[in-house]
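Hi there,

Here is the structure I promised to pass on to you. Have a look at it first, and then read on for my notes.

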Amino acid sequence: MEAKSVNLPAALASFDAVYSPRVVATMNDYDVKIAHTAGDHVWHTHDDTDEFFLVLRGRFDIAMRDSVGTETTVVLKEGDVFVVPKGIEHKPTSPGGAVLMFEPSGTSSTGDSHDGVIPDYVDSTTGHELA
Ligand code: NI
């Protein structure tokens with residue numbers, strides 16, 4: 001059995017890339033991931049899973065839109081948690097910060113589908129190992 005803890009501030013300090021999640025823990029079939037955030041993400045949808053966010057630093061806003069295109073934005077600051085329900089199209093935006101995510105292993109950062117061009121600073125990934 002491995003008995004190695006992960007320190008979140010140290011883990012965040014170990015990489016700089018924004019919107020490029022690192023897996024810090026796995027629990028049952030879920031991954032706990034952290035990411036630096038800055039700028040607009042891309043509109044995307046996870047068809048089969050909710051997505052949990054905890055803001056570790058800074059601010060992180062999540063715009064969501066329903067099937068008729070009506071937008072709602074939730075504004076999150078350090079310490080706030082929010083769950084995007086499965087099937088809801090969403091686009092995170094951040095002036096800078098860091099988040100922790102909890103979602104099934106293999107969940108893509110850009111969803112099962114996305115709308116528009118994925119910015120080159122947004123990593124489309126199921127998460128990277130911590131270095
Ligand atoms: Ni998402």
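**Aromatic rings**

Tyr30, Phe52 and Phe102 are joined into a cluster by ring pairs. Please keep in mind that this is a predicted model. The count of aromatic pairs comes to three.

Phe53 and Phe60 form a tilted pair, with centres 5.2 Å apart and planes at 45 degrees. Phe53 counts as buried because its relative accessibility is 3%, below the 20% cut-off. Phe60 is buried as well, with a relative accessible area of 2%.

**The nickel site**

Which residues hold the nickel ion as protein donors? They are His44, His46 and His90, each through NE2, and Glu51 through OE, and they lie 2.1 to 2.2 Å from the ion. Along the chain, these donors follow the spacing H-x1-H-x4-E-x38-H. Two of the residues, His46 and Glu51, are buried.

Why is the arrangement irregular? The four donor atoms subtend angles of 85 to 173 degrees around the nickel ion.

**Cavity and pocket**

There is one cavity of 30 Å³ or more, and about 120 Å³ of space lies in the largest cavity. Its lining has 15 residues, and the closest to its centre are Tyr19, His41, Phe53, Met101 and Ser109. Phe53 is thus a member of the tilted pair and of this lining. The elements giving two or more residues to the lining are β2 (30–40), β4 (51–65) and β7 (89–104), and β7 gives the most, with four residues. By class, the cavity lining consists of eight nonpolar, six polar and one charged residues.

The largest pocket has a volume of about 200 Å³. Its lining is made up of Glu2, Lys4, Ser5, Val6, Asn7, Ala10, Ala11, Ser14 and Leu130. Four of these residues are nonpolar, three polar and two charged.

Best wishes

Conventions:
Residues are numbered from 1 along each chain as its sequence is written. This is a predicted model: local features need pLDDT of at least 70, side-chain atom pairs count only at pLDDT 80 or more; totals for chains, interfaces and linings use all residues. Side-chain values use heavy atoms; hydrogens and water are left out. Donors are N, O and S atoms within 2.8 Å of the metal (3.2 Å for Na, K and Ca); water is not among the atoms, so sites may look incomplete. Four donors count as tetrahedral if all angles lie between 85 and 135 degrees; four count as square planar and six as octahedral if opposite donors are over 155 degrees apart and all others between 65 and 115; anything else is irregular. Buried means under 20% relative accessible area, exposed over 50%, partly exposed in between (1.4 Å probe, protein chains only). On a 1 Å grid over the protein atoms alone, a cavity is a set of points where a 1.4 Å probe fits but cannot get out, and a pocket is an open set with protein on both sides within 12 Å along at least five of seven lines; lining residues have an atom within 4 Å of a point. Grid points are joined across faces, edges and corners, and a volume is the space filled by probe spheres set on the points. Ala, Val, Leu, Ile, Met, Phe, Trp, Tyr, Cys and Pro count as nonpolar, Asp, Glu, Lys and Arg as charged, and the others, Gly among them, as polar. Rings of Phe, Tyr and Trp (its six-membered ring) pair if their centres lie within 6.5 Å; planes under 30 degrees apart count as stacked, over 60 as edge-to-face and the rest as tilted.
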